[in-house]
Amino acid sequence: MARQLRIKKPAWATWLRGRLLADNLPATLCAAALMGLAGALATVIFRELLGGIQMVLGGVDSPHGMVSLARGMSPWERLLLPAAGGAIAGLILQAAARRLPPRGAADYMEAIAIGRGVIGFRQTVARSISSLFSIGSGASIGREGPMVQLAAMFSSLSGRYLVLPPRHLRLLVACGATAGITAAYNAPIAGALFISEIVYGAISSATLVPLVVSSVVANIVTRQILHYDAVFHMPPFEFVSGWEVANYLGLGLIAGVVAPQFLRFLDGSKALFRRQALPLWAKMALGGLVVGALSVFKPEVWGNGYSVVNSMLHTEWAWQAVAAILLFKIVATGASVGSGAIGGVFTPTLFVGAAVGALYGSGLHALFPAGDLSAVSSYAVVGMGALLAATTYAPLMSILMIFEMTLSYEVMLPLMLACITGFVIAQRIRPDSVYAKSLASNRIARETLKAAPVPTADNARDS
C-alpha cells in the first residue's frame, strides 16, 4: 500500500494548534485576529473583481455602480445582459456540481450551526465565480453573501491545515464570517452579534469575545488602512417630539406584517422555479430575463440597491416613485433568488425596509401637513432596521447595525421600539426567520457530515 503523503507543518503552526486545543484565550484571540485580517482581504478581492467586471461592461468604476451601469445601456442591452450573465453563472454551477464532489457544508451558516466547520475550497470558488457573473450582470441580490462565504472558507482552510477538531474549527469559521460581515457593512458590533445571535442562537462570552476581535481587525483593515467608504451615507436623524414615538410604533407594526409576506414571496419564487423542467442554466437565464425586462422600465432594480437607498435618504422622492421601485425590486429579487443565483438577501431586505419606511413617512406628512414630524428619511432609516429585525429575528443585531450606520443617539429610542415591535409581530405570523428556515432544511446534512472522515493532515486541503 502506498504511503500517505504527510504535510510537514512549520513550528508556528504546531505551536498555535497546541495552544488552541488547550483553550488558551490569548492564542484564540490571536487566531481570531488573523481570521479577521484574512476575511477582510477576501471581501476586498471579491469587491475589486466585481468592480473590474463593471468597468469592462460599462466603464463604471464604483462598487455601487450597477444602477449607473444600467442607465448607460440601451433598453435591449438592459433586457439581455442579466439573462446572459445568469446563463453563464448557471453553467458554472452545473459544471461544478458534476466535476467537484461535495465536501463539507455549502454555506457558512450550515458549517457553523450544524456542521463541523468544513467548507470546500473548490466548491466555494466555483460558487463565487458564478455569483460574480450573476451580480455583475445585474441580478437583484446582495454581493455580501459571497463575500462572507469566501471569508469563512479561508478560515475553514486555516483550521483544517491546523487539523483542529470540529468545535475549534467552527469557532474559527465564525470569526472569518464575522470579519466578512464587518468588512461588507462597516458595522463591527453588528457583525459580531450577527453570528452570535443568528448562527449560534445565543450570546456568550466564549464565542463573542473572539468574534469581536476578528470584527475589529477586519474594520481596521477596510476602513482605516484601505479607506473603503461606508455602505450607506445616513442623513442626520430627526426625532421631533416624544409623542412621535407612536408613529414609529406603527412603523414597527407594518414591518412585522410586511416581512413575512416578503419572505413568503421569496419562498414562492423558489418553488415556482423548482417546478420548471429546465436545466439550472436555463432557470437562471430566465430569472435574469425577468430582471432585464423590469430594468427596461426601472433600471434601479439592478444590483443590491445601495445607490437607490442612498438617493431615498438624501433627496425627496414622490411616493408613487417609491411604491413603483419597491414593487419592481421585490419582483426582481424574487426572480434572482428563485432562479438559484448565488447572493444574499440581507441587502435587498434593507432596501425594502427603507422603501416601506419612506412610504410610511410620506403618508404621515400627507395626513398631518402641519404636524411636528421627522423627515421622511428618518422613517426610511428606522424602516430598514425594523424590517431587518422582522426577517432575521435578531432585533439586537438590527438595532446596533442601524445605530452603527447612523452614529446618532437620537435614533435609538424609535429604532428600538420599531425593531422589537416588528420582531414580535413577524414571529407570531411566521415562526421561522429567513435564516432559520434555511438551516432547518439542511438539518439532514448533520448525519452525513458526522459520517464523513475526520480532517487530518492528509486531507487538510481539497484535492
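The legends below describe several views of a predicted model.

View 1. Helices (H or I, at least four residues) and strands (E, at least two) are DSSP runs, numbered from the N terminus. The C-alpha atoms fill a box of roughly 85 × 50 × 40 Å along the principal axes. For 463 residues a compact globule would have a radius of gyration near 23 Å, and the protein agrees with this because its value is 22 Å; the radius is taken over C-alpha atoms, and the globule rule is 2.2 Å times the number of residues to the power 0.38.

**View 2. Domain 1 (19-226) and domain 2 (242-435) divide the protein.** These bounds come from an automatic or database domain assignment, and the centres of the two domains, taken over C-alpha atoms, are 22 Å apart. In contact across the interface are 47 residues of domain 1 and 45 residues of domain 2, where contact means heavy atoms within 4.5 Å.

**View 3. About 3,800 Å² is buried between domain 1 and domain 2, with 70% of this area given by carbon and sulfur atoms.** Ser140, Ile141 and Tyr185 supply 18% of the area that domain 1 buries against domain 2, more than any other three residues. Buried area is the accessible area (1.4 Å probe) that two parts lose on being put together, summed over both.

**View 4. Between domain 1 and domain 2 there are 17 residue pairs in polar contact, both residues being at pLDDT 80 or more.**

**View 5. The side chains of Asp23 and Arg167 meet in a salt bridge (3.3 Å, N to O).** Asp23 lies in the loop between helix H1 (11-21) and helix H2 (25-58), whereas Arg167 lies in helix H8, 144 residues apart. A salt bridge is a side-chain nitrogen of Lys or Arg within 4 Å of a carboxyl oxygen of Asp or Glu.

Residues are numbered from 1 along each chain as its sequence is written, and side-chain values use heavy atoms, with hydrogens and water left out. Local features need pLDDT of at least 70, side-chain atom pairs count only at pLDDT 80 or more, and totals for chains, interfaces and linings use all residues.

How values were computed. A polar contact is a pair of N or O atoms within 3.5 Å; within protein, one must be able to donate a hydrogen and the other to accept it, and residues adjacent in sequence count only if both atoms are side-chain atoms.
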